[in-house]
Amino acid sequence: MSAAEKQPAPVAPAEAVPTESAANPADNADNADNAGNLAAPVETEAQKPPAATEPRTPADTKEAAPDATPIAQLWSLAEAAGHPEVWGVNLADPETHVPTRIILQKYLNANDGDLARAKDQLAKTLDWRAKMRPVELTKKVFARPKFDGLGYVTRYVQEGSTEPEGKEVFTWNIYGGVKSIDDTFGNLEEFLEWRVALMELALQDLDISAATKPITAEYDPYKIFQVHDYKSISFLRQSPQVKAASTETIKVFAQNYPELLKEKFFVNVPAIMGFVYAFMKLFVAPKTIKKFHPMSNGGNLALEFGESKVPSLEEKLPTEYGGKGSALGEQGQQTLLK
Ligand code: HEM
């Protein structure tokens, strides 16, 4: 079946309308209160991650006092958990280690400042990371025929800037480029590993380990743009494999990567597949849906970034997306492939 590429997409070209669909507990921070608010910058030299990556044992750690701040309580939980890193950041005392404060604050933000829920989510993330070993996955070699051309990371920086706003990181999923559903999505575990590896590469570019500016419930510049490109899709129905892969990815990402999405663009959506958008939204938290932007024409994507602090960001994007930069295949980083 040929793709319905040339037809206009039936979805609104600008803001997606939030729905009251089934909410995922994660990533619901827009109205977060100030619990654990860390507005004051911390001037310390503890930005460097500690060298040790050995799992801690519960015996090494102390219980947080009941009147400890939410951040201190989350830190006690992390210390006791036995897995030493999150998103490539080796966790250390958030009193002095800004990157750890940022991560713990994101777990609070994702749960509207609700400490019990933040603890639960963080504990699950630490468990999942101990089992999944996502940092190791960035060194894993994936099968080229299954994944080549389907995922990229790009990073754009303002020269000389040390501000977090002076950097934009993008992940690109070119799902329209999938040649065989069976090859790419047939083995769900392998697909998830590849998708997680791509996310971890983006996190390496985001480089929270080097961050010096704490975040608050309202201010958080450490986030990633995401693009899904459905151009030239060669299958117009959602197969069970695609449904399984997408719903599982959404679940895993909402649980383990909270507060990392800046905005998400769905480009070149074939008109005939507009229904998929409505279906996928059922699995996504309403506050995340607010960040979604379906667009019929991928060539207009660059217009969305005129306000970035990174100068001429729109020109740096690939020409295919309305910029003047080289093709994604040239400027983007893929997972390791063979
Ligand atoms: C049959 C072709 C398609 C494939 C193979 C596919 C694949 C995927 C996958 C693997 C995900 C998981 C999230 C991720 O990887 O970031 C996803 C999410 C999603 N897809 Fe698709 N998709 C297809 C068609 C569509 C179409 C036509 C739309 C319409 C706009 C759409 C909208 C979405 C939405 C809204 C999400 C949720 C994103 C999120 O929560 O981050 N998909 N898709």
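UniProt places a "transmembrane region" feature (unreviewed entry) at residues 265-284; UniProt positions follow the numbering used here, feature names are shortened, and annotations may be inferred rather than shown by experiment. This is a predicted model, in which local features need pLDDT of at least 70, side-chain atom pairs count only at pLDDT 80 or more, and totals for chains, interfaces and linings use all residues. Residues are numbered from 1 along each chain as its sequence is written, and side-chain values use heavy atoms, with hydrogens and water left out.

**Annotated spans**
- Residues 265-284 are 40% helix and 15% strand, with end C-alpha atoms 15 Å apart; helices (H or I, at least four residues) and strands (E, at least two) are DSSP runs, numbered from the N terminus.
- UniProt also lists "domain: CRAL-TRIO" (unreviewed entry) at residues 189-329.
- That 189-329 span is 38% helix and 12% strand, and its end C-alpha atoms lie 25 Å apart.

**The shell around the ligand**
- The ligand is surrounded by 21 residues (a heavy atom within 4 Å), and Tyr175, Arg195, Tyr230, Ile233 and Lys264 are the closest.
- Sorted by class, the shell holds 16 nonpolar, 3 polar and 2 charged residues (Ala, Val, Leu, Ile, Met, Phe, Trp, Tyr, Cys and Pro are nonpolar; Asp, Glu, Lys and Arg are charged; the others, Gly among them, are polar).
- At least two shell residues come from each of helix 7 (188-206), helix 8 (240-256), strand 7 (261-267) and helix 9 (274-281).
- Helix 8 gives the largest share, 4 residues.

**Iron and oxygen atoms of the ligand**
- Tyr230 (OH), 2.2 Å away, is the single protein donor to the ligand's iron atom (donors are N, O and S atoms within 2.8 Å of the metal, or 3.2 Å for Na, K and Ca; water is not among the atoms, so sites may look incomplete).
- Tyr230 sits in the loop between strand 6 (224-229) and helix 8.
- An N or O atom in the Lys264 side chain is 2.4 Å from a ligand oxygen atom.

Definitions and conventions: Polar contact = N/O pair within 3.5 Å; in protein donor to acceptor, adjacent residues only side chain to side chain.
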